[in-house]
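Please keep the 3D view open as you read.

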Amino acid sequence: MDKTFSINHPLLFILAGICVAVVILQSVVFLVRAWKRAKAIGFTTEKLKGIAITSALFSIAPAIAIGIGVFTLVGSLGLPLPWVRLSVVGALTYELSAAETAAAALGTKLGQVFTAQQFSTIAWTMTVGITPGVFLIPILCKPILSGVSKIGQTDKKWGELFVNSIFIGLVATFVGKSLSGTTVSTEGLVSSLVLATSAVFMVICGILKKKLKWEWLSDYALPISMILSMACAILYTNLLG
Amino acid sequence: MENKVMNKAPLSYTDTVHRKGRIWFIVVYFFIYLFPIGVSIFFDAWPTWEMFFNAAIGVVPTYWAVSVVETFSYLPMLGAGGSYLGFVTGNMANLKVPVALNALDSAGVKQGTEEGDVIATIAIAISSIVTVLIIILFVVLTAPLTPIFENPVLQPAFENVVPALFGGLMIVFIAKCPKVGVPVVFLGALLFILIPSLSGIFPLLLPIFAVLAIVLARILYKKGKV
């Protein structure tokens, strides 16, 4: 296999594919076991099929939104890394900010050509960031669910507010960063315009959802705003030279 | 010896879920790291400690904190089987939790019972499989297009993926919690516009803004204003 690095090197597809296959296998194993157990404790096949179909249908829209998320990262990180990171544990907000932060620390940014070492550092950072979610479950799952640990019974409203606050901190940082070049360069001005455009599209989606009762728009509002404002970036760059 | 084995009580369904769940987590943990390890070995491109530390300092503390809170919040809703599965495929708030709650509701069972556990596990397993397969479909459809993405005309779009995400996300979080969102985001915007060079050290500012938002939220929460 050619050892010349590329963000879409076949080896990366193989590594991502193996990881995704393991996750599908885990889901199938758990599904078969739970299905058998459900029948043993009295659920009918019809009832279980109904639950399976509803769950599958419910998952289609958010899954398409995640697929679009992969698409938005292809130009900067290639296809395999966003594929594996958004299929296993990750979510677009986290993965994109982790990648941009890592790239900045390496003196580059998303959209530039990466060396193998820069790319591997970005992949390591994205992976290490999601690690606690993976190791906390085997340690805490049994104690919390068996009631041995009372630590899970935290104030729910504060818990939600705490997580939202962390995200607000994240948003404040990246909004600030996106605006930092407004008065410095054309690129900076384009970045600010893209930020504003995305915000406007998001507001429009919110209004459409409310006025026309398009509940389905909830899942797509963010990816739609992203794709449209990214397209506008091309327009702004051409207009501003 | 034989007696001891004979007398050992058989593991309950829940016990076996925990045992197998833990084994699967170790397996998945290994495979999650396979990607960066594979890249580093194959291309002989290990990050230096300095590179890694500089890259990780901004996001790691922030995201580890989110992970801990999410674990405590979602675990009781998903049950044992659902948690061992759901936390691997992610997208908890927007996908796994609603799917599980919906299935529990339609089956007329409660979480915390064995019935609730198996139903949540079935719902989350189906949801995980559907999600992963749809993403694979996107990857298969996108793969032939990858050379097009390298076209210089499209580069401004990919260079601006960060503002494109955070413009929309800013609206989402300001709408969720305006009393915390508006002042903190405004401060962030103002600081960076006045001192553009801050963008060079933004990873360091990330935990600072997060702490600032948490402190403000805590003050407002204690006063009953959020």
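A residue is called buried here if 20 or more other C-beta atoms lie within 10 Å of its own, exposed if 12 or fewer do, and partly exposed in between, with the C-beta atoms placed from the backbone. By that rule B:Ile124 is buried, because it has 34 C-beta neighbours inside 10 Å. You will find B:Ile124 in helix 5 (residues 114-142) of chain B; helices (H or I, at least four residues) and strands (E, at least two) are DSSP runs, numbered from the N terminus.

Before going on, a word on conventions. This is a predicted model, in which local features need pLDDT of at least 70 and side-chain atom pairs count only at pLDDT 80 or more, while totals for chains, interfaces and linings use all residues. Residues are numbered from 1 along each chain as its sequence is written, and chains are lettered from A and ligands numbered from 1 in the order in which they are written.

What does B:Ile124 touch? Two residues are in contact if their C-beta atoms, placed from the backbone, lie within 7 Å. Not counting residues up to four places away in sequence, the partners of B:Ile124 are B:Leu78, B:Gly82, B:Leu85, B:Gly86, B:Lys96, B:Val99 and B:Ala100. By contrast, B:Gly167 is 43 residues from B:Ile124 in sequence and 31 Å from it in space, C-alpha to C-alpha.

Now step back to the whole of chain B. The chain has 10 helices and zero strands. Its radius of gyration (taken over C-alpha atoms) is 23 Å, well over the 17 Å that the globule rule gives for 226 residues, so chain B is more spread out than a compact globule; that rule is 2.2 Å times the number of residues to the power 0.38. Along the principal axes, the C-alpha atoms of chain B fill a box of roughly 75 × 55 × 35 Å. Buried residues make up 48% of the 226 residues.

An automatic or database domain assignment gives chain B domain 1 (12-151) and domain 2 (160-222). The C-alpha centres of these domains lie 27 Å apart, and their contact takes five residues from domain 1 and five residues from domain 2.

Chain A comes next. In all, 134 residues of chain B are in contact with 138 residues of chain A. Helix 3 (residues 49-89) gives the most to the chain B side, with 31 residues. That side has 96 nonpolar, 32 polar and six charged residues, where Ala, Val, Leu, Ile, Met, Phe, Trp, Tyr, Cys and Pro count as nonpolar, Asp, Glu, Lys and Arg as charged, and the others, Gly among them, as polar.

A nonpolar core is a set of buried Ala, Val, Leu, Ile, Met, Phe, Trp, Tyr and Cys residues joined through C-beta atoms within 7 Å. The largest has 150 residues, and those with the most contacts inside it are A:Val171, B:Ile122 and B:Ala213. Helix 5 of chain B supplies the largest share of this core, 15 residues. Leaving aside neighbours within four places in sequence, A:Val171 is in contact with B:Phe166, B:Leu169, B:Met170, B:Phe173 and B:Val185.

Finally, confidence. The pLDDT is the predictor's confidence in each residue, from 0 to 100; its mean for chain B is 88. Over residues 1-6 of chain B the pLDDT is below 50. Where pLDDT is low, the predicted coordinates should not be read in detail. The model scores ipTM 0.85 and pTM 0.85.
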